[in-house]
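Hi everyone, and thanks for coming. Let me put the structure up on the screen, and then we can walk through it together.

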Amino acid sequence: MAAEMAGETSGAASTPVVLIHGSGDSAAAWAGVIERLGAWRGRAVALDLPGHGGRLGEPLPEPDTVAGYAGAVRRDLARRGIGRAVVVGHSLGGAIALHLALEAPELVERIALVGAGARMRVLPALLESAGRDPGAAWREAVALGHAPGHEEMAARYAAESAPVAPNALHDDLVACDGFDIMARLGEIGQPALVVVGEVDRLTPPKYAAFLAEGLPHARLVTLPGAGHFAMHEEPEGVAEALRGWLAG
Ligand code: COA
């Protein structure tokens, strides 16, 4: 029994930790968290969605729904030979993690959601500007997504982020806007970690509280002073929450 339990512990520790970025972003979003993951660092696999970052030349996922994006992630995991993972997602990536936990439970051992929600309607003005002027919309989303006082950090993040396809931010936001599993959270049996910045203006703490109350096995961590881009604003806070939860 003791050996079995030890085996389970090391089994969990050897499961890949797959990290999925949010709208208009790339795998680089997770760099600060990954370098602080300690024992799990070597298991971390940060994905670029097609049309984003290292996969800039590839067509965006179709259709532009969370289900369409989750299909692209499933194909990526299959190509990498990953049959089961801890899935960590930021914003759109969190929606993809929730969708996979529901629709492909065999793939998903646990989920960790950073700045996410069971429903993620998007400000109509942001959607419109993402279609018209994606660069300006990205700067606006990143500014809104950082806490007050983090303006310089936000401007740097927006300027230094990896390139994405011209329609990427728009299509990503359309996928978020259509996402709604508020009535289905109780079906998700996997352990879940919900991380939210205390001053997240894009997916406010109310959304995290709803996730933590509705997911049957959830732990909620609120990061003081952080906004929607908590993995950038407070990488140690996000990594600490992940380390503690992965070890538990
Ligand atoms: N968890 C818990 N409650 C939620 C929720 C979630 N994920 N999503 C919506 N709700 C609640 C809202 O708080 C609201 O409650 P209220 O009636 O008590 O105020 C209700 O459900 C309806 O909200 P919503 O579906 O968002 O419609 P809306 O017409 O009230 O507002 C927006 C639309 C776009 C203004 C609003 O969703 C918003 O401000 N979104 C955040 C900004 C954004 O663009 N985020 C990008 C996410 S990627």
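**Starting with the sheet**

Let's begin with two strands: β1 (residues 17–20) and β3 (residues 85–90) run parallel and are joined by four bridges. Here strands (E, at least two residues) and helices (H or I, at least four residues) are DSSP runs, numbered from the N terminus, and two strands pair if DSSP finds at least two bridges between them.

Before going further, a word on what you are looking at. This is a predicted model, where local features need pLDDT of at least 70 and side-chain atom pairs count only at pLDDT 80 or more, while totals for chains, interfaces and linings use all residues. Residues are numbered from 1 along each chain as its sequence is written, and side-chain values use heavy atoms, with hydrogens and water left out.

Back to our pair: Leu19 stands opposite Val88 in β3. β1 also pairs with β2, again in the parallel sense and over four bridges, and there Val18 has Val45 of β2 as its bridge partner.

So what is the order of strands in the open sheet? There are six strands, in the order β2-β1-β3-β4-β5-β6, with parallel pairing. At the edges stand β2 (44–47) and β6 (218–223); each has a single partner strand, so one side of each is left without a neighbour in the sheet. From one strand to the next, the twist averages 20 degrees.

Now, a general point: side chains in a regular strand alternate between the two faces of the sheet. In β2, Val45 and Leu47 make up the covered face, and Ala44 and Ala46 the uncovered one.

Not counting residues up to four places away in sequence, Val221 touches Leu193, Val194, Val195, Val196 and Ala241; contact here means heavy atoms within 4.5 Å. For a sense of scale, Val221 and Arg80 are 141 residues apart in sequence and 31 Å apart in space, C-alpha to C-alpha.

**Helices and the core**

Next, helix α4. It lies across β1, β3 and β4 (108–114), and runs at about 155 degrees to β4. For that angle, axes are lines fitted to C-alpha atoms, for helices over the stretch in contact, and angles run from 0 to 180 degrees between N-to-C directions.

Which residues touch the most other members of the largest nonpolar core? They are Ile96, Leu98, Ile111 and Leu242, in a core of 79 residues. Helix α4 (residues 92–103) gives the most to this core, with eight residues. A nonpolar core is a set of buried Ala, Val, Leu, Ile, Met, Phe, Trp, Tyr and Cys residues joined through side-chain atoms within 4.5 Å. Buried means under 20% relative accessible area, exposed over 50%, and partly exposed in between, with a 1.4 Å probe and protein chains only.

Take Ile96: leaving aside neighbours within four places in sequence, its contacts are Ile20, Leu49, Val66, Tyr69, Ala70 and Val73.

Helix α8 (residues 168–177) is mostly covered too, with seven of its 10 residues buried. Among those buried are Ala168 and Asp172. The elements covering them include α3 (66–79), α4, α5 (124–132) and α6.

**Loops worth a look**

Between β2 and α3 there is a loop that holds His52. Is His52 buried or exposed? It counts as buried, because its relative accessible area is 0%. Beyond four places in sequence, His52 touches residues including His21, Asp25, Ala168 and Asp172.

Pro63 has its place in the loop between β2 and α3 as well, and a cis peptide bond joins Glu62 and Pro63, with omega about -10 degrees.

Ser91, in the loop between β3 and α4, is not a glycine, yet it has a positive phi of about 55 degrees. Ser91 counts as buried, because its relative accessibility is 8%.

**And the ligand**

Finally, the ligand. It is surrounded by 13 residues, and the closest are Arg119, Val122, Leu123, Leu202 and Lys206; a residue is near a molecule if one of its heavy atoms lies within 4 Å of it. An N or O atom in the side chain of Lys206 is 2.7 Å from an oxygen atom of the ligand. A backbone N or O atom of Arg121 lies 3.3 Å from a ligand nitrogen atom, and for Ala118 a backbone N or O atom lies 3.5 Å from a nitrogen atom of the ligand.

Notes:
Polar contact = N/O pair within 3.5 Å; in protein donor to acceptor, adjacent residues only side chain to side chain.
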